[in-house]
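Subject: Structure handover

Hi there,

Here is the structure I promised to pass on. Could you load it and keep it open while you read my notes?

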Amino acid sequence: VGRPVRPFFRPLDLLVLVLLAAAALFPLLRRDTGEAGSTVVISDGKGIIACLPLAVDRTLRVPGPLGETVVEIKGGVARVLTSPCPERACILSGGLSRPGQSAICLPNLVAVTVRGNPAPDDLDAISR
Amino acid sequence: VSLSPGRLRLAAAAGLALALLGGALLASRRQASSELVNDSRFLMGTYIQLTLRGPDKAALDAAMTAAWQEMTRLETAFDPWKGEGPLHRLNDSPAGTPVPLGGDVADLLRLALDFRTRSSGAFSPTLGAMIRLWGFAEMADPHLPPAQAIADTLPHVDPTGLTLSENGTAVRTDPRLLVDLGGIAKGEIVDKVAQLLTRRGVNDFIVNAGGNLLVRGDRGDGPWKIGVADPDDRDALAAKLAVTDLAVVTSGDYERFFEKDGVRYHHIFDPATGYPARGMRSVTIVAPSCGLSDALSTAVFVLGEDRGLALARNSGAEVMIIGNDGKIRQTPGMAKYVTWTSPKRGG
């Protein structure tokens, strides 16, 4: 009768290994979600007019060729509240909170874009 | 020398942990060495967004500046309605006047006329008079023209009223014909900017001209992730794609439109009728060239589902169509790029 075969790694060894692996990979898996530190970039026909932190509530009035576009940042979400354009595509773009999301008003030449480090699920661009 | 099983386990565990830490360190250094530079502007009647990724921020900034200069130059060259470019000179000159177009514009006009033939007239570079009649030129004042005005204008979108010689000189023989490369120029400019960025050593980037975009390389942790807009909801997506080294172009009835008496009139015209095409809600093309994809998306939209899919297959492009029933149809090869489809679109 031989001695019972013992596994090379015992359960406790495996647990330690898993913890070590998790500690090593944590910084990589934890890519910035984009919420903290994200910036709202607001442009008009001449270029960027404001870069505002997404985390700070604020309302901005942006003049354009058709009138005034009102941009709101509230609770970590930016959106176009009102616009003088006929299509209202910028308003219908809804709330912007992830890097890469944008609301563009072509008639009034106002663009609102969220910039930051994209999370793995974030989109890089939208084809429309 | 012999090690006890306990020491062997310890050594193995320590080795594995070191390997993991080393790998993580290398990967994090790689991530840290990758700079991401974004910039955007209103140009060419749309909103252009550039995303460049690379190890050297100064080089990316310099490439970005060069890209904007190139786009501004090409915007002037391809503008049919204003400015000092050759296309505006052609449209503004009396009939019978020879106008040298220069290489960029002549080549693109030739390509566009060739594609008009290949698409059985579904795409046309001589629709300018109709587009202006509807007020979609520069989005000046889109409106529904009288039916008689549309009928009167229709003969003047026929490209036989234009000649283009081998040396790149164009003549309008029909005084009412107007050339408009709007259905292909944005894509062509994206291609040219992509070539410039590649020449400057930028290997990972997105050039996005109002949703007509071209990607090269990847985003660092995999292929670039591109959403396809839902025709009914600007806040929603119809599908998500993962692509590298390809153009993605979408045309739909939900961009640049007006409504009158409950009817939506959009900017994609059927050259045969002079009215907006009604064959589908949107079409997305995935192909190597953004210029060809741009023209193809218009032609497929005008041709409708069956003939449009056939044209795309013959052009070597992959296509996703959202039909008037709201459901997605696509070429078999499109599946390899699609990572998600909206359930309401048949996903």
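Predicted model: local features only at pLDDT ≥ 70, side-chain atom pairs only at ≥ 80, totals over all residues.

Residues are numbered from 1 along each chain as its sequence is written, chains are lettered from A and ligands numbered from 1 in the order in which they are written, and side-chain values use heavy atoms, with hydrogens and water left out.

**Chain B overall**

Chain B has 9 helices and 16 strands; helices (H or I, at least four residues) and strands (E, at least two) are DSSP runs, numbered from the N terminus. Along the principal axes, its C-alpha atoms fill a box of roughly 100 × 45 × 35 Å. Of the 347 residues in chain B, 54% are buried. Here buried means under 20% relative accessible area, exposed means over 50%, and partly exposed is in between (1.4 Å probe, protein chains only). Chain B exposes about 14,800 Å², with carbon and sulfur atoms supplying 54% of it; the areas come from the Shrake-Rupley method with a 1.4 Å probe, and for residues only the protein chains shown count as cover. Among contacts in chain B with a separation of 6 or more, 58% are between residues 24 or more positions apart, where contact means heavy atoms within 4.5 Å.

**Salt bridges**

Side chains of opposite charge can pair when their charged atoms come close. The count is 23 salt bridges over all chains, each being a side-chain nitrogen of Lys or Arg within 4 Å of a carboxyl oxygen of Asp or Glu.

- Asp104(B) bridges to Lys192(B), with the closest N and O atoms 3.5 Å apart. Asp104(B) is in helix H4 (residues 103-118) and Lys192(B) in helix H7 (residues 185-199), so the pair ties together parts of chain B that are 88 residues apart in sequence. Asp104(B) is partly exposed at 23% relative accessibility, while Lys192(B) is buried at 17%.
- Asp232(B) and Arg281(B) form a salt bridge with the closest N and O atoms 2.9 Å apart. Asp232(B) sits in the loop between strands E8 (224-230) and E9 (233-243), and Arg281(B) in the loop between strands E12 (263-266) and E13 (282-287), so this pair ties together parts of chain B that are 49 residues apart in sequence. Asp232(B) is partly exposed at 49%, whereas Arg281(B) is buried at 15%.
- Arg329(B) pairs with Glu305(B), the closest N and O atoms being 2.8 Å apart.

A network of salt bridges links Asp230(B), Asp232(B), Asp253(B), Glu259(B), Arg264(B), Arg281(B), Lys344(B) and Arg345(B).

**Aromatic pairs**

There are 9 aromatic pairs over all chains. Rings of Phe, Tyr and Trp (its six-membered ring) pair if their centres lie within 6.5 Å; planes under 30 degrees apart count as stacked, over 60 as edge-to-face and the rest as tilted. Phe115(B) and Phe123(B) are an edge-to-face pair, 5.7 Å centre to centre with 65° between the planes, and both residues are buried. Phe258(B) and Tyr265(B) are stacked, at 5.2 Å centre to centre and 20° between the planes; they are buried too. Ring pairs also join Phe258(B) and Tyr265(B) in a cluster with Trp134(B), Phe136(B), Phe269(B) and Tyr275(B).

**Two buried polar residues**

Thr51(B) belongs to strand E2 (residues 46-54) of chain B and is buried at 13% relative accessible area. Its side chain makes a polar contact of 3.0 Å with that of Asn38(B). A polar contact is a pair of N or O atoms within 3.5 Å; within protein, one must be able to donate a hydrogen and the other to accept it, and residues adjacent in sequence count only if both atoms are side-chain atoms.

Ser293(B) lies in helix H8 (residues 290-303) of chain B and is buried, with a relative accessible area of 0%. A polar atom of the Ser293(B) side chain is 2.6 Å from the backbone oxygen of Ser289(B). Beyond its neighbours within four places in sequence, Ser293(B) is in contact with Ala247(B), Val249(B), Ile285(B) and Ala287(B).

Best wishes
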